[in-house]
Amino acid sequence: MKVTATGILKDNKAISPLVGVALVTLLTIIFATVISSSSLTGILQGYSTNIGMGRLDGGDLEGDTITLSHNGGEPFTFQDNTKVLIEVEGESIELNITGLYGTTIRAGDTVNVCLTPLEPENTGKIDSINSGDTIFLKVVDGDQKLVILRQEIIV
């Protein structure tokens, strides 16, 4: 049997299995990507929102003070590398929590955080918060570099 160029182009026997294998391989790659990315997202969300310290909630705003409540789990200690931030109009402002350094809160405990900025030039930004504005409160654990609380507060 002699093989010619026109004979190869007219012979469709090998095309169908080749296309089938290519499609199955492509589907396998797509499924593996989707499954691995959704699993990784779940793992990362678990680490970023639950450090094992339990549940820390905030949001009671009275005057210039926000009350943080520990609602179960392991105790949490405010250290010199712990940060409490508020986001006002998309800008993060670190609050002065030096009075809380060394304070440990356990389930059922509350602490008050004054809306005093760490840097004095941010005082005007905090003073510009009006009734009805939305701010975000964040507490960042300095040891693990993770956000342990991010909560929206409507003033």
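## Overall layout

From the N terminus, the elements follow the order α-α-β-β-β-β-β-β-β-α-β-β. That gives three helices and nine strands. Helices (H or I, at least four residues) and strands (E, at least two) are DSSP runs, numbered from the N terminus.

This is a predicted model: local features need pLDDT of at least 70, side-chain atom pairs need pLDDT 80 or more, and totals for chains, interfaces and linings use all residues. Residue numbers start from 1 along each chain as its sequence is written, and side-chain values use heavy atoms, with hydrogens and water left out.

## Burial and surface

The chain has 155 residues, and 26% of them are buried. Buried means under 20% relative accessible area, exposed over 50%, and partly exposed in between (1.4 Å probe, protein chains only). The accessible surface is about 10,200 Å², with 57% of it on carbon and sulfur atoms. Areas come from the Shrake-Rupley method with a 1.4 Å probe; for residues, only the protein chains shown count as cover.

Among contacts with a separation of 6 or more, 53% join residues 24 or more positions apart. A contact means heavy atoms within 4.5 Å.

## A nonpolar patch

Val19, Leu23, Leu26, Leu27, Ile30, Phe31, Val34 and Ile35 make up a nonpolar surface patch. Their accessible area together is about 770 Å². Like charges are joined within 9 Å, nonpolar side chains (Val, Leu, Ile, Met, Phe, Trp, Tyr) within 5 Å.

Leu27 sits in helix H2 (residues 15-49). Its relative accessibility is 46%, so Leu27 counts as partly exposed.

## Strands S2 and S7

Strand S2 (residues 65-70) and S7 run antiparallel, joined by five bridges. Two strands pair if DSSP finds at least two bridges between them. Leu68 has Val111 in S7 as its bridge partner.

In a regular strand, side chains alternate between the two faces of the sheet. Strand S7 (residues 110-114) has Val111 and Val113 on a covered face. Thr110, Asn112 and Cys114 lie on the uncovered one.

## Around Thr82

Thr82 lies in the loop between strand S3 (76-77) and strand S4 (83-88). Thr82 is buried, because its relative accessible area is 2%. Leaving out residues up to four places away in sequence, Thr82 touches Phe76, Thr77, Ile97, Val139, Val140 and Gly142. Thr82 and Gly142 are 60 residues apart along the chain, yet their C-alpha atoms are separated by 4.6 Å.

Phe76 and Phe78 are both buried. The structure holds one aromatic pair. The rings of Phe76 and Phe78 have centres 5.2 Å apart and planes at 80°, so the pair is edge-to-face. Rings of Phe, Tyr and Trp (its six-membered ring) pair if their centres lie within 6.5 Å; planes under 30 degrees apart are stacked, over 60 edge-to-face, and the rest tilted.

Notes. Patch = residues over 30% accessible without salt bridge, like charges linked within 9 Å, V, L, I, M, F, W, Y side chains within 5 Å. Salt bridge = Lys/Arg side-chain N within 4 Å of Asp/Glu carboxyl O.
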